[in-house]
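Dear colleague,

Please find below the structure that I am handing over to you. My findings follow it.

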Amino acid sequence: MQTLTRLDHIWTNVTLKCRWKRTTTAFKLCTYPPEPVIPVKKPFKVDVVGGKWYSWCTCGYSKKQPFCDGAHKLKAPSFTPLRFVPDKDMTIYLCGCKYTNNPPYCDGTHKQDFIMSAPLYEEKDS
């Protein structure tokens with residue numbers, strides 16, 4: 001029996017065969033972590049327009065931080081952007097570390113040890 005000791009965030013096709021049924025079930029298994037990556041360790045100061053829809057990136061892979069650019073569709077399919085509409089024109093601070101307890105707003109979580117000691121996400125050249 002072969003044992004996997006490390007997964008490199010790849011898509012793997014898996015087919016299950018059940019002895020008691022004559023059918024097989026196929027699905028894709030994603031090895032990306034269930035937690036978001038950390039693009040920055042500080043908030044984003046953003047001027048927003050009241051009544052306009054915004055999509056805050058929850059996965060951390062977007063190149064248009066703090067907003068979503070759809071990168072989660074390939075890199076983190078279990079994530080979806082958080083959509084919000086401000087009541088009025090204002091300046092807000094959106095979370096950059098993605099671990100806030102008040103999404104999408106920064107609550108200072110980026111100052112905690114587990115964020116400060118964590119590595120920043122850097123996209124690898126393909």
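Which side chain does the side chain of Q65 join in a polar contact of 2.9 Å? The partner is the side chain of K98. Please note that the model is predicted: local features need pLDDT of at least 70, side-chain atom pairs count only at pLDDT 80 or more, and totals for chains, interfaces and linings use all residues. Residues are numbered from 1 along each chain as its sequence is written, and side-chain values use heavy atoms, with hydrogens and water left out.

A polar contact is a pair of N or O atoms within 3.5 Å; within protein, one must be able to donate a hydrogen and the other to accept it, and residues adjacent in sequence count only if both atoms are side-chain atoms. A polar side-chain atom of Q65 also lies 3.4 Å from the backbone oxygen of G60. Q65 is buried at 18% relative accessible area (buried means under 20%, exposed over 50%, partly exposed in between, with a 1.4 Å probe and protein chains only).

The whole structure holds two salt bridges (a side-chain nitrogen of Lys or Arg within 4 Å of a carboxyl oxygen of Asp or Glu). E123 pairs with K63, with the closest N and O atoms 3.6 Å apart. E123 is partly exposed at 38% relative accessibility, whereas K63 is exposed at 65%. E123 also forms a salt bridge with K75, at 3.1 Å from N to O. Through shared partners, salt bridges join K63, K75 and E123 into one network.

Yours sincerely
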